Every structure is written in C-alpha cells, then in structure tokens.
Amino acid sequence: MPAIVLVGAQWGDEGKGKATDALGARADYVVKFNGGNNAGHTVVVGTEKYALHLLPSGILTAGVTPVIGNGVVVDLSVLFTEIDGLTARGVDCSKLLVSANAHVIAPYHRTIDKVTERFLGKRRIGTTGRGIGPTYADKINRVGIRVQDLFDESILRQKVEGALDQKNHLLVKVYNRRAIGVDEVVEELLSYADRLRPMVTDTGRELVGALDRGEMVLFEAGQATLLDIDHGTYPFVTSSNATSAGACTGSGVPPNRIDRIIAVVKAYTTRVGEGPFPTELLDADGEKLRADGGEYGTTTGRPRRCGWYDALIARYAARVNGVTDFVLTKLDTLTGWERIPVCVAYDVDGVRHEEMPMTQTDFHHARPVYEFLDGWSEDISAARSWEDLPKNAQRYVERVEELSGARISAVGVGPGRDQTVVRHDLLGG
C-alpha cells in the first residue's frame, strides 16, 4: 500500500480535513507532520460536525492509528482538551501516538507570541497568538523543550531555566510584562507527563515499519503551500514546512517511500491573516463568497478574505510539491454565479506574468488577469458522479485543471463525507 502526502495548495482552509477523512477510511496510519493548534480542520460525519485543531483528522476513522509527528509543536493543554472532547462524543482516541521528538509549546511561548504581534502594530504577521512561531524559533535556536523532556524533571528544569534567562529580559525590559517563574512552567508541563507517557514513541520507526508491512500511511499537512516558511508568501507565513517535503522531515519517513502527493485546492481562494492576495474581493462579491462558503476560521473564527480562483498559485503548488492529483473543494459554493472569473495571469506594472513572481515586491503589486467562464444555477450538492454535474460545472473543472498543472481527481460538492465526485482513484488509478 502507498505512502500518500496530502497538502493545501493555497493559503489554507481548502478542506484538507474532509479530504484526509475520506482517504483515511483506506489508511492504516494518518500522520500530522507540521504546525500545531494554529489551524483547524472541519470534518462532517453524517449529522456530526467536528472541528480538529491539533489531532490528525484520521482520529475520526475507526481502525486508523493517528500520529503526531516530530515536526509538530504540541500544546499539551489543547491536546488533552481535544481528546477529552472527542472521547465524550464517542470517538476512540486510545491509538494516538506522539513523537518523543515533537516540541512542546510552553506558557511563555504563547505570551511572547501575543505581545510581539501587538508590538509590531501595522507590521504584524497576523498569527493566531498560540505560541507556534516562538516555539519553532526555540527549536531552531536549540533551546526548545521536547516531549521526551517531560519524563526527566532535571533536564526539563534546566531547559526551562535556560529559555527564561533570556525571555524574561525580553518580557520585562522590552514589553513591560512580568517575569515568568521557572517553577510555574515546570509544574504545568510535568502535570501532563503521566497521561502523555503511554502515547509517546519513536514514531519514525513505527511509520517505516508500517510501510515495510505493506500498510497505507497518509501524511496530513497543517496550513498550506503559500504559508510554508520557505516557499510561501514570506514573511506572511507559518513557521514550519507545510509542503510535501515537510512530510519527510516532520515524520522521519525517507523521501523514497512517498508514492503520491495530493493537493487540496478550493474552487475559489481564501486566506486568513495579513499579506498580499491578488484576487481578493473587497466588495459585495467577496461578501457573497464568504457567506455562501461559510468562510470563517475553524480555529479563530476570523472572517476569511475571499477571492477568485488563482491558477498561478495552483501551478506553483503543483511544482513545489510535485502534485500528482488535485482535490477541488467547495465547487457548490459557486452555484448561482452567471459568470465566474478565473485568474490566468498577473499584471505587474504593465508586465504580464504567467507564473508566480520571484520577488515579494512584484507579488505585492500583482493585479489579476481574468478569464471568464459560464456559471450554473443547478444545485450540485447531490451529485455523486461526473455525469451528475451540469455541463458548465464540468467545463469549469476542466478549464481549471488545464490551468493548474495536475489532474483534478476529485471534486467536493458539499461538506459531507459522501459529497464528492470522484474522477480518478486518488491511490493511483
């Protein structure tokens, strides 16, 4: 069975949770390999709606082993709150595995995240304030706390002391905040150790072993391609690698074990937070897309910025990730539009660009060049085969496919598990 990586092709919120959930029914392991509780996945199962933040979407599928990989940063309070919430709703979370090498979000990370954003003012990044960036910064600075450190109080205390020696100077002298005590941080983190211990393992070895046994492993990215720290619209990005290569560094599975790379792309475009967005609609059309699509953040509740489909972004995602298949989501949201614009190029100071501009400056000044496609008025939420879709909906999918650099193998026509039109087998058929 294959190893499949599933990523977002835009700025997130493309519907990766639903896609992961659908594939998860055929998977043995579902792995979260980057990010933390700064992004949410919404999954609808029958009449039940689940908002997941830190746990892999595969937690909702019986028989799947969900894994939090070493590339994830873990807020233990959020982890156990989420587990308790799902358990109360009858979801079995007992198979969850957590990498011993995953980094832990400490209370001071959340504090620094929030005060830094306020300090930046107009230059703020638009973070969720959940401590993700400061935790990854400590990881790179080699002063981070890993899950395994919670099982050795002496090491944990040394690491917290080392981190706070610097951070308390920053909090007190720059941000005019109170110093954070070592004891309070150590006490909070140790309070999770006993409950956490049975979940912790060498997840890289576990996953490679599963592939050796012929089992299917699905890698689920948090955030999305244009939020990748290296390949996204820097500096308005997340702090981890949300592209397909991150699946290897964030899990311990080598690149030669990956079989397919699936990118989820919305039938239009949204983003949350600051940064350039060429097709953004700041008018009634944008409001209609937001209302019809229910475009509010799963984690923060913030209204998402909305715009038309951007084929340059999709082509860029196809190239950077090595996409074998796209899953096009929320096609049903476009029902009722007489004409639907699709961005096919950018105009940058009078120069036409048919690929993503190289520089931040050019991307900031990019203006969309649109091609207009005929819309449809028929309700497509009950479509289950390609033939069920109206001709103009089919033409929209086909044209977007031509422009986007990889085949569109599945089309979402509603939030439910079964509201998908499958064109090609996502496992390679």
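Predicted model: local features only at pLDDT ≥ 70, side-chain atom pairs only at ≥ 80, totals over all residues.
Trainee: Next, strands. How do I read strand S16, and how many of its ten residues are buried?

Mentor: Look at its cover, then at its partners. S16 spans residues 339-348 and is mostly covered. Eight of the ten residues are buried.

Trainee: Which strand pairs with S16 in the parallel sense?

Mentor: That is S14, residues 309-310. The two strands share two bridges. To place the pairing, find Tyr309; its bridge partner in S16 is Val342.

Trainee: And in which sense do S16 and S18 pair?

Mentor: S16 and S18 pair in the antiparallel sense, over eight bridges. S18 covers residues 367-374. Val342 turns up again here, standing opposite Glu371 in S18.

Trainee: What about S17, how many bridges pair it with S16?

Mentor: Three bridges, again antiparallel. S17 holds residues 351-353. Find Asp347; it stands opposite Arg352 in S17.

Trainee: How many residues lie between S16 and S17 in their hairpin?

Mentor: Two residues lie between them. Stop at Asp349 in that turn, where phi is positive, about 55 degrees.

Trainee: On to helices. How do I read a helix with buried and exposed residues?

Mentor: Think of the turn. An α-helix has 3.6 residues a turn, so residues three or four places apart point the same way. Now try helix H6, residues 182-190.

Trainee: Which residues of H6 are buried?

Mentor: They are Val185, Val186 and Leu189. Seen down the axis of H6, the buried residues fall within an arc of 95 degrees, so they line one face of the helix. Asp183 and Glu187 are exposed on the other side of H6.

Trainee: Where is Asn176 found?

Mentor: Asn176 sits in the loop between H5 (153-174) and H6. Its relative accessible area is 70%, and the cut-off for exposed is over 50%, so Asn176 is exposed.

Trainee: How far is the C-alpha atom of Asn176 from that of Ile340?

Mentor: The two C-alpha atoms are separated by 51 Å. Along the chain, Asn176 and Ile340 are 164 residues apart.

Trainee: Compare another loop residue. Is Thr61 buried or exposed?

Mentor: Thr61 is buried, with a relative accessible area of 12%. Thr61 lies in the loop between strands S4 (48-52) and S5 (65-68).

Trainee: What does Thr61 touch?

Mentor: Leave out residues up to four places away in sequence, and Thr61 touches Asp21, Gly24, Ala25 and Arg417.

Trainee: Last topic, charges. How many salt bridges does the structure hold?

Mentor: General idea first. Side chains of opposite charge can pair when their charged atoms come close. This structure holds 27 salt bridges.

Trainee: Show me one in a helix. What separates Glu153 and Arg157 in H5?

Mentor: About one helical turn, because Glu153 and Arg157 are four residues apart in H5. Their side chains meet in a salt bridge, at 3.9 Å from N to O. Glu153 is partly exposed at 44%, and Arg157 is partly exposed at 27%.

Trainee: Which residue forms a salt bridge with Glu215?

Mentor: Arg213 does, with the closest N and O atoms 2.8 Å apart. Glu215 counts as partly exposed, at 22% relative accessibility.

Trainee: And which residue forms a salt bridge with Asp325?

Mentor: Arg407 does; here the closest N and O atoms are 2.6 Å apart. This pair links distant parts of the chain. Asp325 is in strand S15 (residues 325-329), Arg407 is in strand S19 (residues 407-412), and 82 residues separate them. Asp325 is buried, with a relative accessible area of 0%, while Arg407 counts as partly exposed at 25%.

Definitions and conventions:
Residues numbered from 1 in each chain as written. Heavy atoms only, no water. Buried < 20%, exposed > 50% of the residue type's maximum accessible area, 1.4 Å probe, protein only. Pairing = 2+ DSSP bridges. Contact = heavy atoms within 4.5 Å. Arc of directions from axis to C-beta. Salt bridge = Lys/Arg side-chain N within 4 Å of Asp/Glu carboxyl O.
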